[in-house]
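Subject: Structure handover

Hello,

Here is the structure we discussed handing over.

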Amino acid sequence: MKRKKRMKRGIALALVLTFSTMILFPVQAAISIDTERQCSVTFELDSSYPELKELTIPVHLYQAADVNEYGEYQMREGFENLRLDTISSETTAQEWEEKAQEAAKIVEEQQIVPAASGEIVNGMGKIDGLAVGMYLVAAESVQSPSSIYTFTPYLLSLPNHYYQDGQKDIWVYDVTAGLKPGQEDRYGDLEIDKTLISYNASLGEATFVFSIEAEKDGKIVYSDVVSVVFDGTGTKSIVIRNLPAGAKVTVTEVYSGASYERTTEESQTVEIAADSIAKTAFENEYNHQMNGGTSVVNHFAYTEPEEKSGSPRRESTWDWEQQTDSTGMQK
């Protein structure tokens with residue numbers, strides 16, 4: 001067993017995450033800690049992401065240090081590199097975040113078993129029966145139909161310390177805390193199937209054009225025009241990749257060729273589901289007229305800015321190209 005490290009006598013620091021905001025409390029206790037008393041943590045989610053309250057979030061607590069009655073922390077085996085003996089009233093929130101990230105790395109690499117675990121359901125959860133000490137709070141990532149939520153790990157002192165105006169400093173053994181979530185979109189694909197039932201070869205190629213509009217949360221998240229060219233009967237497909245899950249996509253056949261008519265609806269609307277393909281299907285047939293026709297689609301592709309070492313940052317650009325048939329593209 002390695003020798004435990006100690007802080008300077010009489011000083012303890014606690015990091016509390018309340019309603020997704022990290023707050024650093026420098027404390028110098030007026031009374032000693034009851035090291036035999038058990039603690040609890042009640043987790044309450046704020047309103048940043050209302051959807052989170054519909055999900056069950058597993059939370060794990062890993063004890064990184066013990067604490068004595070004077071507020072001195074002694075690192076547990078494996079967590080010595082956290083160097084809690086170096087913290088002071090000058091320790092910044094960023095430094096606390098770095099220590100939490102280091103603790104999370106230790107937990108992963110050494111496969112440390114949590115001291116306690118629980119769940120947040122309907123935006124609330126409680127873990128009790130905890131010994132006094134410093135804990136790493138780590139919540140598992142969760143998924144909704146349209147988003148992935150991950151949570152920043154943080155360090156939490158039990159008991160925690162509050163100062164009330166007109167009263168002595170007090171240690172709080174039943175602590176309320178929150179989580180700090182981050183949100184990422186999930187994605188799905190769109191497939192447009194186009195079938196030409198009958199065809200007049202004397203008119204040349206038959207071109208069909210579609211507009212695509214995707215909307216999510218009241219905002220347009222995708223807008224483009226694509227085309228399909230036939231030189232005979234059959235079915236062709238266009239696949240649009242990586243549309244945000246939950247987006248409602250309206251596909252409209254805006255051009256059907258001079259001598260071909262639709263046998264399906266002009267517009268179709270589907271909803272994108274994560275990790276799957278939403279499909280639309282359109283059909284046309286020859287209408288026995290002798291009017292040939294063709295089209296060209298102007299396609300604009302957005303290019304993200306790049307930054308290379310030793311070179312000026314390149315600005316974002318819109319690249320323009322003409323397309324006659326989009327079926328060969330994986331957009």
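The model is predicted, so please read everything here as computed from it.

Three strands make up an open sheet with mixed pairing, in the order 7-3-14. Strand 7 (124–130) and strand 14 (174–177) are its edges, each pairing on one side only. From one strand to the next the twist averages 15°. Five bridges hold strand 3 (residues 39–44) and strand 7 in antiparallel pairing, and Phe43 stands opposite Gly125 in strand 7.

Cores. Phe43 also belongs to the largest nonpolar core, which has 49 residues; Phe43, Ile57, Leu84, Leu130 and Leu179 have the most contacts inside it. Strand 4 (residues 57–67) supplies the largest share of this core, seven residues. Leaving out residues up to four places away in sequence, Ile57 touches Leu45, Leu52, Gly118, Glu119, Ile120, Ala139, Glu140, Val142, Phe151 and Leu179. Another core, of 25 residues, lies apart from the largest one; Ile192, Leu203, Val251 and Ala278 are among its members.

Strand 17. Of the 11 residues in strand 17 (residues 206–216), nine are buried. Strand 17 runs antiparallel to strand 18 (residues 219–230), joined by 11 bridges, with Ile212 partnered by Asp224 in strand 18. These two strands form a hairpin with two residues between them, and Asp217 in the turn has a positive phi of about 55°. Strand 17 is also antiparallel to strand 20 (residues 248–255), through seven bridges; there, Ser211 has Thr252 of strand 20 as its bridge partner.

Regards

Conventions: Residues numbered from 1 in each chain as written. Predicted model: local features only at pLDDT ≥ 70, side-chain atom pairs only at ≥ 80, totals over all residues. Heavy atoms only, no water. Pairing = 2+ DSSP bridges. Helix = DSSP H or I, 4+ residues; strand = E, 2+ residues; numbered from the N terminus. Axes fitted to C-alpha atoms, helices over the stretch in contact; angles between N-to-C directions. Core = buried A, V, L, I, M, F, W, Y, C linked by side-chain atoms within 4.5 Å. Buried < 20%, exposed > 50% of the residue type's maximum accessible area, 1.4 Å probe, protein only. Contact = heavy atoms within 4.5 Å.
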